[in-house]
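Good morning, and thank you for coming.

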Amino acid sequence: MEDAERLIVIDAANVVGSRPDGWWRDRAGAARRLLAQLDVLRERLPDASVVVVLEGAAKAAGDGDYEGLRLVLADRSGDDAIVDVVAEGIANRPVTVVTADRGLRSRVESLGATTVGPSWLLESLA
């Protein structure tokens, strides 16, 4: 599995919520800004697939064209959608989940995923 492409799953709500930049006034706009910034991550980690999970009002950001990103628009909770993505991908490759949510971290780590906080992603985008 070492040669397998890495899967990075991003908890968009958690990452967006980690910066007090007024995201709560326009959740979809904040999600669109994050999605646009992820081009940098794909350039820096060309051997990784990136999945971004959007929930609630932020799902409206899914109407854009974000080349190279797989968007998952959560029908129910974003956490449940992330767990589903991890469970689907973990058999074939290493999975890293970007979130600071302790409960979610525990759930995905029990499936074999590793976790990093939003600061890892935001530093990677800088």
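Predicted model: local features only at pLDDT ≥ 70, side-chain atom pairs only at ≥ 80, totals over all residues.

Which residues does L121 touch, not counting residues up to four places away in sequence? Residues are numbered from 1 along each chain as its sequence is written, and side-chain values use heavy atoms, with hydrogens and water left out.

The reply is that L121 touches I10, V15, L34, L38, L41 and V98. Contact here means heavy atoms within 4.5 Å.

L121 belongs to the largest nonpolar core, which has 23 residues. By such a core I mean a set of buried Ala, Val, Leu, Ile, Met, Phe, Trp, Tyr and Cys residues joined through side-chain atoms within 4.5 Å. Buried means under 20% relative accessible area, exposed means over 50%, and partly exposed lies in between, with a 1.4 Å probe and protein chains only. The members that touch the most other members are I10, L34, L35, L38, V52, L54 and L121. Two or more residues come from each of β1, α1 (12-17), α2 (27-44), β2 and α5 (118-125). Of these, α2 gives the most, with six residues. A second, separate core holds 17 residues, including V72, A81, V85 and V108. The helices (H or I, at least four residues) and strands (E, at least two) that I name are DSSP runs, numbered from the N terminus.

Let me turn to the sheet. In what order do its five strands lie? The order is β3-β2-β1-β4-β5, in an open sheet with parallel pairing. Two strands pair if DSSP finds at least two bridges between them. At the edges are β3 (69-73) and β5 (114-116), each of which pairs on one side only. On average, neighbouring strands of this sheet are turned by 25° against each other, direction ignored. Axes are lines fitted to C-alpha atoms, for helices over the stretch in contact, and angles run from 0 to 180 degrees between N-to-C directions.

Strand β1 joins β2 through six bridges, and in β2 the bridge partner of L7 is S49. On its pairing with β4, β1 has four bridges, again in the parallel sense. There L7 has V95 as its bridge partner, and I8 has T96. T96 also has a partner in β5, namely T114, as part of the three bridges that join β4 (residues 95-98) to β5.

Is β4 covered on one face or on both? In a regular strand the side chains alternate between the two faces of the sheet. Both faces of β4 are covered, with V95 and V97 buried on one side and T96 and V98 buried on the other. Strand β1 is mostly covered as well, five of its six residues being buried. Helix α3 (residues 78-89) packs on the sheet and touches β1 (6-11), β2 (48-54), β3 and β4; its direction makes about 175° with that of β1.

Next, the largest pocket, which contains about 170 Å³ of space. On a 1 Å grid over the protein atoms alone, a pocket is an open set of points where a 1.4 Å probe fits, with protein on both sides within 12 Å along at least five of seven lines; lining residues have an atom within 4 Å of a point. Grid points are joined across faces, edges and corners, and the volume is the space filled by probe spheres set on the points. Among the lining residues are A12, W23, R27, L54 and E55. Helix α1 gives the most to this lining, with four residues.

Finally, the surface. D47 is found in the loop between α2 and β2, and is exposed because its relative accessible area is 61%. E5, in the segment before β1, is partly exposed at 37%. D47 and E5 are 42 residues apart in sequence, yet 5.7 Å apart in space, C-alpha to C-alpha. D47 touches E5 and R6, while the contacts of E5 include D47, R93 and P94.
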